[in-house]
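Let's take a walk through a protein together, one step at a time. Have a look at the picture first, and then we will go through its parts.

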Amino acid sequence: MKSTLLEIVICTDCGGNYQLDGNERLVCASCDRTIPVVGGTPLFTLPPENINPSEKQARSPEMGTPWRQANWRFLARQLEEISPDALILDVGAGRGDFFDGLRGRNTLALDVYPYPEIDVVCDLTLTNPFKPGSVDVILLLNVLEHVYDSKALFGALARLLKPGGRLLVAIPFMVKMHQIPLDFVRYTHFALEQLAADHGLEIAVLEGFYDPMFFLGEGIRNIQWPILRKMRGWRQYVGRALLLGVRFLAHLMEPVIGPGHVRSPYEAISLAPTGYQIVYRKK
Ligand SMILES: C[S@@+](CC[C@H](N)C(=O)[O-])C[C@H]1O[C@@H](n2cnc3c(N)ncnc32)[C@H](O)[C@@H]1O
Ligand SMILES: [Zn+2]
């Protein structure tokens, strides 16, 4: 277990400090409350019963959807402004898809599911064992939409930040449902701004990622898989031919339209960002 973790968690019953007892549990020094430790990872909450755990996938700045590639660039840009010894809590780190971008940093990975990559299992909407103001930077990359009580999570994270600390959020907007059934919300940037105002944070960076070609591709895939495959006889042939034509036209449009780009949602012409990337700063 990482020693930094023991320094920033406290007993939610009495505020006492935890000590590691053998390798199997944390014990509160003041009230004897215990937290199970499995494979070196403390479990402050039980994993959701209906979760479909993610498989480990090869990830890199050049892999994955344009949205995820944008997330890599966003993270790299923001890390340049963050001190090398800052404590970074990666909330909803999952299979550690962005860990390569965090190499050499002082990090703690948190999730509700005990993936092998995770340092601490905790659903902060249920219990918050972390000391207020104990973390310099929080990453919340593609997580908020998976949390039913997303405002409660946001509030818990705002409390965890040190004054001047940063919360880096990536949140999809025009992206199909994923990790179902645990996909609950899409926020507009107006709501993301309101979250800041409600929780004593200011917005340092607010950008939308706009990618019309990806949007078009999703539309085509929506026809190809759920509809075309079910068609029979001549309808399927005509449908396939038409779709082929649409795909060819989309292919021709690609160099004209260009790749996805980042822009302030107040300057963007489109009201359909793939997602938002935000840096919140605690006042
Ligand atoms: C789509 S994955 C994103 C993983 C990683 N951050 C990324 O961008 O590749 C969402 C993750 O959030 C986790 N999660 C869901 N609810 C959570 C909560 N209340 N607190 C922390 N993590 C949560 C899920 O278990 C899952 O690993
Ligand atoms: Zn206690």
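**Domains, strands and a core**

The C-alpha centres of domain 2 and domain 3 lie 33 Å apart. This is a predicted model, in which local features need pLDDT of at least 70 and side-chain atom pairs count only at pLDDT 80 or more, while totals for chains, interfaces and linings use all residues. Residues are numbered from 1 along each chain as its sequence is written, and chains are lettered from A and ligands numbered from 1 in the order in which they are written.

Where are the domains? The protein chain is divided into domain 1 (3–39), domain 2 (66–211 + 260–282) and domain 3 (212–257); such bounds come from an automatic or database domain assignment.

Now turn to the strands, which are DSSP runs (E, at least two residues) numbered from the N terminus. Two strands pair if DSSP finds at least two bridges between them. An open sheet of 4 strands has the order 1-2-3-4, with antiparallel pairing. Its edge strands, strand 1 (18–21) and strand 4 (41–42), each pair on one side only. Strand 1 is joined to strand 2 (residues 25–28) by 4 bridges, and Tyr18 has Cys28 in strand 2 as its bridge partner.

Elsewhere you can find parallel pairing. Strand 5 (residues 87–91) runs parallel to strand 6 (residues 106–111), with 5 bridges between them, and here Ile88 stands opposite Thr107. Strand 5 also runs parallel to strand 8 (residues 135–141), joined by 3 bridges, with Leu89 opposite Ile138.

Next comes the inside. A nonpolar core is a set of buried Ala, Val, Leu, Ile, Met, Phe, Trp, Tyr and Cys residues joined through C-beta atoms within 7 Å; buried means that 20 or more other C-beta atoms lie within 10 Å of a residue's own, all placed from the backbone. The largest such core has 56 residues, and Val91, Ile138 and Val169 are among those with the most contacts inside it. This core draws at least three residues from each of domain 1 and domain 2.

Technical notes
A residue is buried if 20 or more other C-beta atoms lie within 10 Å of its own, exposed if 12 or fewer, and partly exposed in between; C-beta atoms are placed from the backbone.
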